[in-house]
Amino acid sequence: MAINVPFDVVELAAAEAARAGWWGTVKDFCHRRPVGAAGAAVVLLLVVVAFSANLIAPYDPEKVDFAAMLARPSAAHWLGTDAFGRDVLSRLIYGSRTALLVGFGAAVVGATAGAVLGVGSAYFGGRVDLYLQRVLDIFIAFPLIILALAIVAILGNSLHNLILAITIPMIPRCALVIRSSALSIREMPYVDAARAAGFGHARIILRHMLPNVMAPYLIMLTSFLGQAILLEASLSFLGLGVQEPTAAWGLMLRGAAVDFAESAPWMAVFPGLAISLAVFAFNLFGDSLRDALDPKLRTL
Amino acid sequence: MIPTLFGVAVFIFFLMRIVPGDIVELRFSGESSYASKENLAAERARFGLDKPLWHQFVTWMWGLVRLDFGTSMWTGAPILEEIKLRFALSLQLAIMATTVGVLIALPLGVAAALKQDTWVDYLARVVSIAGIATPSFWLGILMILTLLVVFHWLPPMVYTPFWVNPWQNMLQLIWPALAVGYRLSAVATRMTRSAMLEVLREDYIRTARAKGLVETLILKRHALKNAMLPVLTVTGIEFAFLMGGLVVTEQVFNLNGLGLLFVQAVTRRDYTMTQALVLLVASVFIIVNFFMDLMYGWLDPRIRYR
């Protein structure tokens with residue numbers, strides 16, 4: 001690193017914001033990073049839509065209507081209907097529930113487990129660290145989607161298993177990043193002090209080290225959110241994720257959407273737009289969060 | 001390298017044995033009249049599935065050591081033969097997609113870094129974040145749709161090897177390469193941008209400017225060359241991922257590549273095929289990583305390996 005890094009205004013602002021309380025932090029973030037705030041707004045909108053799906057959806061997402069199969073977008077069906085006459089807009093709205101559930105579930109569990117493993121690995125060092133790294137290497141050498149596929153095949157198709165299948169490949173990736181941050185924290189005097197005071201390993205890891213890797217943790221978490229939604233869509237598209245008739249964006253792109261793509265393009269276009277928009281919003285927010293918290297950390 | 005591969009082998013071997021149901025059950029599930037206990041047992045014996053697990057594992061390992069991957073449980077054909085055809089397709093697609101990705105990423109990333117916080121930068125960032133957010137398979141669907149609606153034309157659906165008919169081959173593979181390459185370019189653009197930004201602040205860049213070096217020369221020789229390291233890493237990782245992870249895009253474009261073979265092998269409980277494929281993909285990943293490390297040492301003489 002060069003010595004002449006410009007004075008880090010952002011860090012200073014963050015410190016000021018911390019004194020101003022969380023509302024001050026939010027206001028500060030919106031002010032300094034409008035793009036990230038826009039992303040956060042879309043995410044918030046998605047959350048609201050997901051929670052109030054039963055209130056705002058014009059139709060029952062699973063109700064089959066053979067009188068209105070493959071209907072064009074119209075006043076009755078804003079985004080048209082699919083091959084079973086189900087309202088595309090309603091399915092999109094309910095699909096946000098699936099996407100957010102899987103996204104948050106997998107990202108929170110994956111990033112947290114990864115953080116604990118990463119910090120633990122860095123803290124204990126030596127042989128524990130070495131063996132743990134080897135095991136994580138093995139998991140990382142597995143392509144993400146292939147590992148998820150195998151897990152779904154083992155555990156069967158259900159929403160819980162799908163979340164688990166997406167979570168497991170994320171753990172080692174997060175653990176690696178967190179470990180490298182935690183390595184420097186282990187050398188901090190306060191960790192030595194805690195050890196000298198006779199605190200147990202668990203207490204030092206959870207109370208003293210974990211809070212100090214919050215920045216990379218939050219960054220990994222937000223980047224996993226988008227990835228989890230994408231992975232869920234891919235698995236559902238393959239028929240290995242969410243099963244019919246549950247509404248899910250990836251599932252809506254499967255089968256008939258491709259077969260009828262020419263005569264009923266709305267079936268293929270809108271669910272994909274929903275996926276892109278959601279992941280785009282999460283990434284915008286995550287990017288700005290990273291710039292604010294730890295500009296040097298690189299995520300995908 | 002070898003210990004990791006061995007770990008992968010152990011892991012996939014037992015993972016597949018945990019998956020409920022085996023190939024024999026699956027084969028006979030449609031024909032209940034043949035599924036007597038004796039028939040099932042005879043079939044299992046034919047595959048060696050009646051032996052204890054450790055015996056099966058040692059047999060498989062002994063085969064691997066002699067580079068004998070065995071035969072596919074489902075088709076009975078030698079696994080190497082089955083994989084060879086698909087490997088060519090997946091490799092070609094991965095190379096094409098990586099080329100597309102790098103060709104987009106380098107100029108875009110450098111431009112974004114040079115014009116930081118201008119509209120060029122914002123545009124590059126939006127394009128690249130959108131690239132990560134857009135599922136490649138959906139992009140593929142949209143491409144096919146556009147070709148169909150606007151040009152009334154569809155890419156050929158049957159795979160022609162490059163050496164048979166390069167033109168036919170390109171007509172088919174350029175679309176998935178574009179769809180996947182866009183995603184790869186997104187990742188690489190962001191990396192190029194942030195690496196360039198970091199390098200441009202280094203002391204030696206200031207020195208180069210101070211001694212009056214031409215700006216293009218500074219960019220090419222001093223900045224870009226040093227910024228290439230992290231870009232190379234992500235490109236390499238993405239490339240390794242492309243070799244086996246294109247399951248969904250292959251489905252959309254009706255390509256018979258490694259990804260599709262893998263899904264079939266898992267759903268059919270074709271143990272030997274799944275194991276061989278996982279090992280292959282993991283080896284590609286590990287070898288690519290190994291070459292990355294070598295390239296690091298070569299590109300950046302400051303890095304030395306003990």
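I began with helix 11 of chain A, whose 25 residues should span 36 Å at 1.5 Å a residue, and its end C-alpha atoms are 35 Å apart, which agrees. The expected span of a helix is 1.5 Å times one less than its number of residues. Helices here are DSSP runs of H or I with at least four residues, strands are runs of E with at least two, and both are numbered from the N terminus.

Before going on I noted that this is a predicted model, in which local features need pLDDT of at least 70 and side-chain atom pairs count only at pLDDT 80 or more, while totals for chains, interfaces and linings use all residues. Residues are numbered from 1 along each chain as its sequence is written, and chains are lettered from A and ligands numbered from 1 in the order in which they are written.

**Entry: more on helix 11 of chain A**

I looked up burial next, where a residue is buried if 20 or more other C-beta atoms lie within 10 Å of its own, exposed if 12 or fewer, and partly exposed in between, with C-beta atoms placed from the backbone. In helix 11 of chain A, 22 of the 25 residues are buried, so this helix is largely enclosed by the rest of the structure. After helix 11 of chain A I found Gly239(A), which has a positive phi, near 90°.

I counted 14 helices and 0 strands in chain A, and 13 helices and 0 strands in chain B. Of the 300 residues in chain A, 47% are buried, whereas in chain B, with 306 residues, the buried share is 38%. I also looked up contacts, which are pairs of residues whose C-beta atoms, placed from the backbone, lie within 7 Å. Taking contacts with a separation of 6 or more, residues 24 or more positions apart account for 69% in chain A and for 71% in chain B. The C-alpha trace of chain B spans about 85 × 60 × 35 Å along its principal axes.

**Entry: where the chains meet**

Between the two chains, I found 38 residues of chain A in contact with 42 residues of chain B. On the side of chain A that touches chain B, the elements giving two or more residues are helix 6 (126–141), helix 7 (144–155), helix 11 (214–238) and helix 14 (266–293) of chain A. Helix 14 of chain A gives the most to this side, with 9 residues. By class, the residues of the side of chain A that touches chain B are 27 nonpolar, 6 polar and 5 charged. For these classes, Ala, Val, Leu, Ile, Met, Phe, Trp, Tyr, Cys and Pro count as nonpolar, Asp, Glu, Lys and Arg as charged, and the others, Gly among them, as polar.

I then followed helix 6 of chain A to helix 1 (residues 2–18) of chain B, where the axes come within 9 Å and cross at roughly 70°. Axes are lines fitted to C-alpha atoms, for helices over the stretch in contact, and angles run from 0 to 180 degrees between N-to-C directions. Helix 6 of chain A and helix 1 of chain B are therefore roughly perpendicular to each other; angles under 35 degrees count as roughly parallel, over 145 as roughly antiparallel, 65 to 115 as roughly perpendicular and the rest as oblique. In this contact, Arg134(A), Asp137(A), Ile138(A) and Ala141(A) of helix 6 of chain A meet Pro3(B), Thr4(B), Gly7(B), Val8(B) and Phe11(B) of helix 1 of chain B. The residues of this contact divide into 5 nonpolar, 2 polar and 2 charged.

**Entry: helix pairs inside chain B**

Helix 10 (residues 215–245) and helix 13 (residues 271–299) of chain B have axes 9 Å apart and pack at an angle of about 165°, and they are therefore roughly antiparallel to each other. Their contact has 14 nonpolar, 4 polar and no charged residues, and among the residues that meet are Phe239(B) in helix 10 of chain B and Phe285(B) in helix 13 of chain B.

I also looked up helix 5 (residues 79–114) and helix 8 (residues 166–200) of chain B, which pack at an angle of about 35° with axes 5 Å apart. The residues of this contact divide into 22 nonpolar, 8 polar and 1 charged.

**Entry: one residue, Ala122(A)**

Last, I went to Ala122(A), which lies in helix 5 (residues 88–124) of chain A and is buried, with 25 other C-beta atoms within 10 Å. Not counting residues up to four places away in sequence, Ala122(A) touches Asp129(A), Arg179(A), Ala182(A), Leu183(A) and Arg186(A). From C-alpha to C-alpha, Ala122(A) and Met209(A) are 10.0 Å apart in space, and they are 87 residues apart in sequence.
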